[in-house]
Protein chains: 4
Amino acid sequence: MFVQETIEKMNAARSGDHEQDLETLIGQLHRRGLDAEAILTQVGAFEVAVPSWALGAGGTRFGRFPVSGEPRDIYEKMEDIAVIHRLTGATPRVSLHIPWDEPEDPAALRSHADALGLGFDAVNSNTFQDQPGRRLSYKFGSLAHPDAAVREQAVAHHLHVIEVGRALGSEALTVWLADGSNYPGQMHLRRSFERTLDGLRQIYDHLPPGWRLFTEHKPYEPAFYATVVQDWGSSLMLAQALGERAFCLVDLGHHLPNTNIELVVARLITAGKLGGFHFNDAKYGDDDLTAGSIKPYQLFLVFNELVDAARDERVDGFAPAYMIDQSHNVKDPIEALLQTVDNLQRAYAQALLVDRSALEAAQNGCDVLMAEQALASAFRTDEGPLVAEARRRRGAALDPVAAFRETGYRRAKARERSGGAYQPPQSL
Amino acid sequence: MFVQETIEKMNAARSGDHEQDLETLIGQLHRRGLDAEAILTQVGAFEVAVPSWALGAGGTRFGRFPVSGEPRDIYEKMEDIAVIHRLTGATPRVSLHIPWDEPEDPAALRSHADALGLGFDAVNSNTFQDQPGRRLSYKFGSLAHPDAAVREQAVAHHLHVIEVGRALGSEALTVWLADGSNYPGQMHLRRSFERTLDGLRQIYDHLPPGWRLFTEHKPYEPAFYATVVQDWGSSLMLAQALGERAFCLVDLGHHLPNTNIELVVARLITAGKLGGFHFNDAKYGDDDLTAGSIKPYQLFLVFNELVDAARDERVDGFAPAYMIDQSHNVKDPIEALLQTVDNLQRAYAQALLVDRSALEAAQNGCDVLMAEQALASAFRTDEGPLVAEARRRRGAALDPVAAFRETGYRRAKARERSGGAYQPPQSL
Amino acid sequence: MFVQETIEKMNAARSGDHEQDLETLIGQLHRRGLDAEAILTQVGAFEVAVPSWALGAGGTRFGRFPVSGEPRDIYEKMEDIAVIHRLTGATPRVSLHIPWDEPEDPAALRSHADALGLGFDAVNSNTFQDQPGRRLSYKFGSLAHPDAAVREQAVAHHLHVIEVGRALGSEALTVWLADGSNYPGQMHLRRSFERTLDGLRQIYDHLPPGWRLFTEHKPYEPAFYATVVQDWGSSLMLAQALGERAFCLVDLGHHLPNTNIELVVARLITAGKLGGFHFNDAKYGDDDLTAGSIKPYQLFLVFNELVDAARDERVDGFAPAYMIDQSHNVKDPIEALLQTVDNLQRAYAQALLVDRSALEAAQNGCDVLMAEQALASAFRTDEGPLVAEARRRRGAALDPVAAFRETGYRRAKARERSGGAYQPPQSL
Amino acid sequence: MFVQETIEKMNAARSGDHEQDLETLIGQLHRRGLDAEAILTQVGAFEVAVPSWALGAGGTRFGRFPVSGEPRDIYEKMEDIAVIHRLTGATPRVSLHIPWDEPEDPAALRSHADALGLGFDAVNSNTFQDQPGRRLSYKFGSLAHPDAAVREQAVAHHLHVIEVGRALGSEALTVWLADGSNYPGQMHLRRSFERTLDGLRQIYDHLPPGWRLFTEHKPYEPAFYATVVQDWGSSLMLAQALGERAFCLVDLGHHLPNTNIELVVARLITAGKLGGFHFNDAKYGDDDLTAGSIKPYQLFLVFNELVDAARDERVDGFAPAYMIDQSHNVKDPIEALLQTVDNLQRAYAQALLVDRSALEAAQNGCDVLMAEQALASAFRTDEGPLVAEARRRRGAALDPVAAFRETGYRRAKARERSGGAYQPPQSL
């Protein structure tokens, strides 16, 4: 297959410089007492799910600028994700959105996925839009709606999503609710929360064995006055009330200005309720930018908490789910996802490079500057050769974006997928 | 006409209580040394333009929930605006968006407007979307685009908008540019600004006699890293460079968290560059909520600056343009606009109720508490009877929303305008 | 006593206008189906504690501008609070700060308070400063400190504060911890929280019968990277772990930008953990401005949640503690407190004016605009005559600030308390 | 001198690893087409002024935790700065604060500085505090005060500061005004600005030949409702009105949440009014943390604008002044400053590592991802060996903090400077 051939050709062409850089880095790490091989193994084992909605160009309420060759259905999306997985070795699972990417025949889709070497991560519901055929509108809420009939419709939708997920081999349900209000008074703040909990209980009771339920909080948008699950505190209250298979999902863009997100992560770990992540980055709101593109130090600090918890024997059953959730408005979606995976691997590698005994000693001795430097020096290390090598060992690309561009995949798809479709105006 | 009859009927039914409340209020104001008649005259003279895009249900990037009976074209939008004007006596002008509401025959539209008693306020351009038939895409910018051909297309669009506006009798052009970037490096921060200024100069040079040009700043959205005209400072630099007919437009939702907006207004007045407003309200970002619905005291404080400047003989040629810019996602658009006009009239009335000599004395004497109370006591006054009376004297409704509901206008339009259109699912 | 005489004299002088305004208002409320007498009774029963640190001029890290006649010790502070109580009828309790206002002889202070008609509300600890005589520094934390000896000192301090409070008749302990870090790495995010909980458990175990413990969260300041009890979620985790006498205290200035505070209040009510409030207002951070001075609608919306919960039979044992926590940097502290109490009484009265059956009907019918108007029209009502009358019925002042100025109290104290003290430079 | 000997000893001990790392890095940069020697020269030429107030422990309004061995007067502060300069080779100038560090005999201080190899950067005024001996208070403002007598006192203070600066060899005056208000109404928003401009004109007229005047904006603190010079727009209006020697100073902590600071820098460059910087970092407000400690990518992006402008021949006379302005609350002030200089040198080196022709090509071709990568790959490069070498070539330390700790300077000063001074309680 041409992607694989391109990877091999490109890797071979770069192997000289790469091996020299890697050797130098391993030597430097050795000097700092770090075991590069162990880090390579861990970075190589990193996996993150790709959401089915991230393969097409995203947009804002002001418009969307399509990309030539966008996938037209879930099969074409899976094809793109398989390319990403081949180039990175790190994206073996898809997180499906129902109904946007609901398969007519789940068994057929699962076979298709198997053939591509892909599986299915958490399934995602949608009660923030009205879909053709739904009798009642979610304009004024779904699980939180004052009308029991709307709430029943929303519960039924979630049970259906679980059924689809079960057929595909998923083992988790992610519930992001847009329920909220735009104006003071519109929604009773306590009762809407109680109704939401009641609906979630019904959904939770239908979770198949082995499944987890993730509630995802968000402070605002699309509701602009009050959102029912507005912060991690509300998400925690729900997860506590539901039971031991309910957890909180942290989307990196779902926080008020200046939130210390790594601190939220730490608290959820302490509460035993950290379910996983929707990775992205943001400067202003839920900007859904490439993870690590705006605040790379923050992303590192989040991974620092994860690595710290994974090594802490007092933290039981620590297994957060990693998913990407971005809107690719101006980049080629496949390229953006390749870059995202690289950024996540880098942040994880940096967190693994922290000298934790030096850090702990400095913390216990109140040596603020040296504690800070233990993190900063790991962050400053150019971890590029490590993550490239980790990919190479999995048969993936040293430089995924360069290899992707070399394949000519997008141009080929632009021809192949354009039949009768809208042709965007010319852009550079 | 049934709207007029309803107004008269409803006003008559409420006149007893209204007159009693008004008389009481006038007595109280008299006790405070305030001339209620003068205030009534000023409130009655308040006018604000309605944007052509505010008559249909708005949405977010997550979806839109249509309203039954939405207007299907600019003619039906004008019809709705005429109803709002009749009920409030304060919205005699429309602010048109090109190309969303571009008339095929401007002269015909102008005649239609004349017949409805309406005119045209500032016209608005659109380079934040690609439109069918445009050869080049604005995906990576318009006036700021690195490619001269795209910039020329954008300039040409603005000249066309001016032409349409001239045919309609407009006398101002509002330029809100979405130009910006989502990632560091994407756009050269200085050169993109210089290119924007260059394009605006070409547009400014084509302004018809008597026209003004408004530049509208916005910190983010749809660009999520850097926006070319991101704040009032950048907008001021543009207006200064363009010339004396260039002014800055303040949208109340286009500010970073915690911005003191009334202070921005004051600075633009001092600079002689306050062009006008896009009224709305916001809690988080550019939420486009009903003006005065979230931070009513802030809206009052903005009007306080306007009243203060209008009375200041050292402020020359003070004539800001007032426009509404909201997104009606969960309210009936007509009702929301009626409520908005009422809120604006209330805020203006409150500002007129300030005892300015007491305020000035307290300011000069550093009596912080009494200076604050001079504003707070005006704000606390229930100005309802005043604004109701100001409307009644213009033949409009004491209670515009109640009168509108009584007319049954929306239900009638839902039948009349539904031919073949999408029927939204049932909502309460 | 001259304060009482002044109140009576001033009330008499204003009684004509007042009674007329009150009668008019009662008539208007009657028309809206509201029982003014019931509201008068409730407003009259409103009480709020005054913190011992609010009687002197506050400052910032950039300086403090003293006020002439500031109280020099807790006895003089009690004297000032007694004046405030006399003028408002609403501040019968003092919230004491230890060690700033620690009495040498608690029994003597209690007798003094009795004589003034005052009692003691929650006592407050201080581990954010080093005090003369303390052996170990809190520079790097108190309950969260990595060194057990510092933690023990901090626990011992809290037990001492409880002892003082018990001697004074207090029944609650408020714990605001400044523990946190300024730099990534400085503090282990999870372990510092665990240590804090461990310390709080020891303190909680020593609570006298009938006492409650309040934990107060704050996102930042004085720690500028991470704070141990940074938000209501962390505060809730502590209160849940401690037990049924532990509750969360909400300071209105301790929130990240754009936080919907009334929603936080609603969640804590649902969790059964709303302990009470530190009232103030803020535009940027923990600005400690006069409650209701910047965002009066927000204050009303908070009280709206409180009134709603108080009427909800499903909410058990709802009895939040009300305290003021402000920094009076530019106003006379006594005047600022009088104004604050008035603002709180107004916000409470407005919340009582909400037509709750209309609100509930609009909420259940998804009539967004009418639900909003149910709140907005209560907020717009000029509740002044109601709160004035509620005060008058308790023997307090119709207009507390005006009456206070008439007494000449501050000038008298400036002479009386100035002996040898620093004389501030001349200001207006 | 023992500092110099320690530097030499430590550099020698580290030279083996250093030279190997440097050689490797130079090779990698060569591969990327970058001239390491040119970068070394530029980094070596980087200089930044140290403020006289940063040598002692800083504090917050909640307290200050002293450091043993803090300098007790300006002479001891200069001694500490000389050590920093010796260790970094980059801090040859002091920015003096009047009156905090006003010398009794400026000529003597200048001689002392000469002997230490130090000079004087911009002098700083203080009208945010009352000082002993000043007749009138700044409680309600200085240049913006309604009372002309206070304004005259404030102008006179500035003229005095200029005189002191002239005697010391300074060539710039930095004016940060705390003038503002805590409550709506307290201050007339426009008149207070006009009075401030009037005062600044008087000060500007007294600038000695060759001097520059910097106005420094800040959104809030100590004023919590409105600040007179609240943002760069207001600062620009002042600089434009004053004349060609007036410029705007950017403090990295003086921005509202989410501000794109590099964009503000770009605009001020375009306006020809970028005067310089107060370097620090912040997560929440004006936190005054170590530059680069919280948002290192942002610091790099700021330097990226500076390097870009310095290379742009259309930017005339680009010579911003670099100063540090931090509050060292939990770190040893000397160590924190050494770390700060290192962080600044690193950010500058990273900006010099950007492949600007690749960046420009990607920008012009709208290749968003590659434009971003041009910045990200420079940021990811471990620039440590470059900045260490740049220091070594100036006779300074490869690792300034390690060398400082080795000198034992702080312990020696703790003994030397402690005579009779307050001894802080024991901390780790």
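Colleague: In what order do the 3 strands of the open sheet in chain A lie?
Modeller: In this predicted model, chain A has an open sheet of 3 strands whose pairing is parallel. Strand S4 (residues 93-95) and S5(A) pair in that parallel sense over 2 bridges, and the order of the strands in chain A is S1-S4-S5.

Colleague: Why is one side of strand S1 (50-51) and of strand S5 (119-120) of chain A left without a neighbour in the sheet?
Modeller: Strands of a sheet pair through backbone hydrogen bonds, either parallel or antiparallel. Strand S1 and strand S5 of chain A each have one side without a neighbour because both stand at the edges of the sheet, each with a single partner strand.

Colleague: Which residue in S5(A) does Arg93(A) stand opposite?
Modeller: Strand S4 of chain A covers residues 93-95 and pairs with S5(A) over 2 bridges. In S5(A), the residue standing opposite Arg93(A) is Gly119(A).

Colleague: Which helix gives the largest share of the side of chain D that touches chain B?
Modeller: The contact joins 42 residues of chain D to 42 residues of chain B. Several helices of chain D each supply at least two residues of this side, among them helix H6 (189-205), helix H8 (261-270) and helix H12 (368-380). The largest share, 6 residues, comes from H8(D).

Colleague: How many residues of the side of chain B that touches chain A are charged?
Modeller: Between these two chains, the contact takes 39 residues from chain B and 39 residues from chain A. On the side of chain B, the residues divide into 19 nonpolar and 11 polar, while the number of charged residues is 9.

Key
Residues numbered from 1 in each chain as written. Chains lettered and ligands numbered in written order. Predicted model: local features only at pLDDT ≥ 70, side-chain atom pairs only at ≥ 80, totals over all residues. Contact = placed C-beta atoms within 7 Å. Nonpolar A, V, L, I, M, F, W, Y, C, P; charged D, E, K, R; others polar. Helix = DSSP H or I, 4+ residues; strand = E, 2+ residues; numbered from the N terminus. Pairing = 2+ DSSP bridges.
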